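Please keep the sequence and the model in view while reading.

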Amino acid sequence: MNKSLAELAEEYRKSAEILTKRICERNGKLRFTKPGSRAEAVLRAELGVLYAERRDAVETAYRLKNYYA
């Protein structure tokens, strides 16, 4: 199935929304973890990955949407 650039951009935008929700969930959990604990370290590592994935998804969506602009 061939998709247009606009459709692909929308998929990446939706992915960024999902990642934003996951980031919010992890930040909520982080507030209740003990500083310096293993749980905090795991959450911070997950957040680092999620932030990078969201940044890439947003950037890709932008580039696809504005490809011909």
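Leaving aside its neighbours within four places in sequence, with which residues is Glu-40 in contact? In this predicted model, once those sequence neighbours are set aside, Glu-40 is in contact with Leu-30, Thr-33, Lys-34 and Pro-35. Glu-40 has its place in helix H2, and with a relative accessible area of 16% it is buried, because that value falls under the 20% cut-off.

**Helix H1**
- Helix H1 covers residues 5–30, and at 1.5 Å a residue its 26 residues should span 38 Å, which agrees with the 37 Å that separate its end C-alpha atoms.
- The buried residues of H1 are Ala-9, Ala-16, Leu-19, Ile-23, Arg-26, Gly-28 and Leu-30, and these residues pack against helix H2, which covers residues 38–65.

**How the two helices pack**
- Two packed helices are described by the angle between their axes together with the distance between those axes.
- For H1 and H2 the packing angle is about 160 degrees, and their axes lie 8 Å apart.
- H1 is therefore roughly antiparallel to H2, since angles over 145 degrees are counted in that way.
- The crossing in which H1 passes H2 is left-handed.

**The nonpolar core**
- The largest nonpolar core has 8 residues, namely Ala-16, Leu-19, Ile-23, Leu-30, Leu-43, Leu-47, Leu-50 and Ala-57.
- H1 and H2 are the elements that give two or more residues to this core.
- Leu-43, one of the core residues, is in contact with Arg-26, Lys-29, Leu-30 and Thr-33 when its neighbours within four places in sequence are left aside.
- Leu-30, which also belongs to this core, is among the residues in contact with Glu-40, and Thr-33 is likewise listed among the contacts of Leu-43 and among those of Glu-40.

- Although Arg-54 and Ser-15 are 39 residues apart along the chain, their C-alpha atoms are separated by 7.7 Å.

Terms used: Residues numbered from 1 in each chain as written. Predicted model: local features only at pLDDT ≥ 70, side-chain atom pairs only at ≥ 80, totals over all residues. Heavy atoms only, no water. Helix = DSSP H or I, 4+ residues; strand = E, 2+ residues; numbered from the N terminus. Expected span 1.5 Å × (residues − 1). Buried < 20%, exposed > 50% of the residue type's maximum accessible area, 1.4 Å probe, protein only. Contact = heavy atoms within 4.5 Å. Core = buried A, V, L, I, M, F, W, Y, C linked by side-chain atoms within 4.5 Å. Axes fitted to C-alpha atoms, helices over the stretch in contact; angles between N-to-C directions. Parallel < 35°, antiparallel > 145°, perpendicular 65-115°, else oblique. Left-handed = near helix turned anticlockwise from the far one by under 90°.
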